[in-house]
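Please read this briefing with the sequence and the structure side by side, and look for each named part as it comes up. The points are grouped by topic.

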Amino acid sequence: MPVTLVPSLPAVDTPPAPARPDPLGVLGVPGEINLDHAASAPCARAAADAVAELLPWYASVHRGAGALSRRCTLAYERARQTVGDFVGARAGDHVIFTRNTTDSVNLLARALPAGTTVVTFAGEHHANLLPWPRGSVRLPVPADPAGAVRALAAALAELSRDARPGLPVLVAVTGASNVTGEVWPVAELARVAHRHGARILVDAAQLAPHAPVDLAALDVDYLALSGHKLYAPFGTGVLVGRGDWLDAAAPYLAGGGATSHVGPATHEVRWATGPARHEAGTPNLLGAVALAAVCAALAGADRAALHAREQALLSRLRRGLAALPDVVELRTFPADAPRVGIVSFVVAGRDSADVAARLAAAHRIGVRDGLFCAHPLARRLLSEAAARTGRTDLPPTALRASLGLGTTEADVDALLTALATLP
Ligand SMILES: Cc1ncc(COP(=O)(O)O)c(C=O)c1O
């Protein structure tokens, strides 16, 4: 019997799928050059898209049985999981949404067991200097990363010889300096801390936007970061880390959502454990979801390539600055120490606020000027820069250029040209 063959369909040219916008592309205003990522990074498309997708579902979180509310609750808890995964949270760690790094550090400061001594370095951002209790130890800024490790080991050895056996110690250090961009030796500091029975918090506000940070791999106890420095909108940060101190502490805020039982008597209340204990009040769902979207996008990206690209821009910037006769870079560690895309500098003989204003007005370039909420460090680096160069005309405040996703060679060159042609 003859077999009827199904005629094959004529070949059709399938149109190419529309290119999907890069989730790590950043939003911005054409013509405006944003070299102030360290203050607040531009918003990534991943964050904007995640917010736009969720907006129609806008409803309560953890407080409603409706479909919208259930979806919002799910989105919030998924965001917690994603952010926790992004920073390598371990079983038993809490991922607590806060407003920003400052809020996260203050939360941990309030959760310290009584008698805890906190050890920091004088090079920290104010957010990691000011929240700590009286009696905290502030170590001098070291000359290099190895010096930081030695100084910490010596300080912790002295503390353990002290008459305070058994009392907790927390070491609180930055992952990368917001003034110099220099990367701190977090894993080594964590090893030293643990050898002396201390815990360690890493302020990852500046490190996380530029490099992977993994709590488990670094063996760090707590980590704090800000969404608005990590390409998400303002208003969300996280504190991630060991649950025991956090569950034993009084709630950061007292109110709805932080309780498991409230009775009729004035103070009859059982506080929840877990993240809810410190997240009273309706949470910032959109902020959490936006932050998680950026974390997911970064987790799926080739971070080595992003790092290489950023380092090439940073080298271009630093080489260009070094070639300008009146520009002096601020640094704590040797010039070749690893750093993220942040450079602080002064223009000798020029007021830094005036230079920043000219860059904005004449060139549409945004940089930061001042002492960068790290007054002890910035003042020290300014006087060291004067000593190193022998110049007596350095201004009392500095400029900072910081870059990241979306920064181009043209942006860097525009800054260098503008500085070279200051009237
Ligand atoms: C290293 C570092 N830690 C903490 C903070 C505080 O961050 P936020 O203002 O988001 O709380 C900053 C902000 O610049 C910072 O650079």
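In this predicted model, the C-alpha centres of domain 1 and domain 2 lie 28 Å apart. According to the domain assignment, domain 1 is made of residues 33-43 + 302-420, while domain 2 covers residues 48-299.

**Where the domains meet**

- Domain 1 brings 31 residues to the contact, and domain 2 brings 30 residues to it.
- On the side of domain 1 that touches domain 2, at least two residues each are supplied by α9 (303-322), β12 (342-347) and α11 (375-389).
- The largest share of this side of domain 1 comes from α11, which gives 5 residues.
- Sorted by class, the residues on the side of domain 1 that touches domain 2 are 20 nonpolar, 6 polar and 5 charged.

**The sheet of four strands**

- An open sheet is formed by 4 strands in the order β11-β12-β15-β14, and the pairing in this sheet is antiparallel.
- At the edges stand β11 (327-329) and β14 (368-370), each of which pairs on one side only.
- If direction is ignored, neighbouring strands of this sheet are turned against each other by 30° on average.
- Within the sheet, β12 and strand β15 (residues 398-402) are paired over 4 bridges in the antiparallel sense, and F345 has L399 in β15 as its bridge partner.
- Helix α9, already named for its part in the domain contact, lies across β11, β12 and β15 and runs at about 15° to β12.
- Helix α10 (residues 352-363) lies across β12, β14 and β15, and its course makes about 40° with β15.

**The sheet of seven strands**

- A further open sheet has 7 strands, which follow the order β2-β8-β7-β6-β5-β3-β4 with mixed pairing.
- Its edge strands are β2 (93-98) and β4 (137-139), and each of them pairs on one side only.
- From one strand to the next, the twist of this sheet averages 15°.
- Strand β7 (residues 222-226) pairs with strand β8 (residues 237-242) over 5 bridges, and the sense of this pairing is antiparallel; here L223 stands opposite V240 in β8.
- Helix α2 (residues 67-86) packs on the sheet, where it touches β2 and β8, and the direction of α2 makes about 115° with that of β2.
- Helix α5 (residues 186-195) also packs on the sheet, touching β5 (169-174) and β6 (199-203), and the direction of α5 makes about 160° with that of β6.

**A pair of packed helices**

- Two packed helices are described by the angle between their axes and by the distance between the axes.
- For helix α1 (residues 45-54) and helix α8 (residues 285-299), the angle is about 135° and the axes are 8 Å apart.
- Angles from 65 to 115 degrees count as roughly perpendicular and those over 145 as roughly antiparallel, and α1 and α8 are therefore oblique to each other.
- The crossing that α1 and α8 make is right-handed.
- On the α1 side the contact is formed by A46, A47, D49, A50, V51 and L54, which meet L286, V289, A290, A293, V294 and A297 in α8.
- By class, this contact of α1 with α8 holds 11 nonpolar residues, no polar residues and 1 charged residue.

Key:
Residues are numbered from 1 along each chain as its sequence is written. This is a predicted model: local features need pLDDT of at least 70, side-chain atom pairs count only at pLDDT 80 or more; totals for chains, interfaces and linings use all residues. Axes are lines fitted to C-alpha atoms, for helices over the stretch in contact, and angles run from 0 to 180 degrees between N-to-C directions. Angles under 35 degrees count as roughly parallel, over 145 as roughly antiparallel, 65 to 115 as roughly perpendicular and the rest as oblique. A crossing is left-handed if the near helix is turned anticlockwise from the far one by less than a right angle, and right-handed if clockwise. Two residues are in contact if their C-beta atoms, placed from the backbone, lie within 7 Å. Ala, Val, Leu, Ile, Met, Phe, Trp, Tyr, Cys and Pro count as nonpolar, Asp, Glu, Lys and Arg as charged, and the others, Gly among them, as polar. Two strands pair if DSSP finds at least two bridges between them. Domain bounds come from an automatic or database domain assignment.
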